Amino acid sequence: MSARNKWKQFLAAALVICGCFLLGRGAREIFDSYWGQKEATKQFETSKRLEASKRRPRVPTHRRLQLGEAVAKLSIPRLGAKLYVVEGTDTRDLRLGPGHMPGSALPGEDGNCVIAGHRDTHFRVLREIRQGDEIDLETPEGRFVYTVDGTQIVRPTDVSILKPSQSGILHLITCYPFYFLGHAPKRFIVDAKLEPPLSAAVHSPHSASSN
């Protein structure tokens, strides 16, 4: 066999191995995200039952959360998206679901609530989000509604969206472009604000006692 044919065979084998590796990696991410969301669902529903059994006014409280713990159910009604948010933004946490950044405000609190997710699994849906969309964050304490103000594309070094806020705001973060091989060079940001009137009505002690 000539050296040229040997080189072609080597190249073909290398491409097959590389393809199998990428396929296996993608399958693992899909598997991890699926089972991570199932586990987060169980944790979230258990927390809701425990909170309901306490029979007290449901207001946002700054709870101490463990990494990987289910924080909230995130819904975007127009897009039919329902995801369970976990605590933490490390690689392991983001395999389970979108991750709430530790130290940022919890859903419903005054402050900057920051949630990050992978563009090729949980947060791929953000490519279709638009101004005016409703984002619901349900926690064991209640349901909080945010309205999308807009989106922006920034460099990874731009951390201005992480700044504290006096009012209730939400930032969803994922990599950009959505269809990109390898590490995406930019970040896609969703800016949203908390809607106090609806939030207050949902968690009013008077409304709860009238049922």
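**Salt bridges and the strand beside them**

Modeller: Let's start with Asp133, which makes a salt bridge with Arg78, their closest N and O atoms sitting 2.6 Å apart. The rule here is a side-chain nitrogen of Lys or Arg within 4 Å of a carboxyl oxygen of Asp or Glu. Asp133 is in the loop between E4 and strand E5 (134-139), while Arg78 is in the loop between strand E1 (70-76) and strand E2 (81-87), so this contact ties together parts 55 residues apart in sequence. Strands, by the way, are DSSP E runs of at least two residues, numbered from the N terminus.

Before going on, keep in mind that this is a predicted model: local features need pLDDT of at least 70, side-chain atom pairs count only at pLDDT 80 or more, and totals for chains, interfaces and linings use all residues. Residues are numbered from 1 along each chain as its sequence is written, and side-chain values use heavy atoms, leaving out hydrogens and water.

Back to the pair: Asp133 counts as buried because its relative accessibility is 4%, whereas Arg78, at 39%, counts as partly exposed. (Buried is under 20% relative accessible area, exposed is over 50%, and partly exposed is in between, using a 1.4 Å probe and protein chains only.)

Overall, the rule gives five salt bridges. Another one joins Asp136 and Arg143, with closest N and O atoms 3.3 Å apart. Asp136 is buried at 9% and Arg143 is partly exposed at 32%. Shared partners link Glu134, Asp136 and Arg143 into one network. Then there's Arg127 with Glu128, at 3.7 Å between the closest N and O atoms; Arg127 is partly exposed at 36%, and so is Glu128 at 45%.

Now for E4 itself. Six of the six residues in this strand (residues 111-116) are buried, so the rest of the structure largely encloses E4. E4 pairs with strand E3 (residues 99-100) in the antiparallel sense over two bridges, and a pair of strands needs at least two DSSP bridges to count. Gly99 has Ala116 as its bridge partner in E4. With strand E7 (residues 168-176), E4 pairs in the parallel sense over six bridges, and there Val114 stands opposite His171.

As for cysteines, Cys113 is buried at 0%, while Cys175 is partly exposed at 25%. The structure holds zero disulfides, taking a disulfide as two cysteine sulfur atoms within 2.5 Å.

How values were computed
Helices (H or I, at least four residues) and strands (E, at least two) are DSSP runs, numbered from the N terminus.
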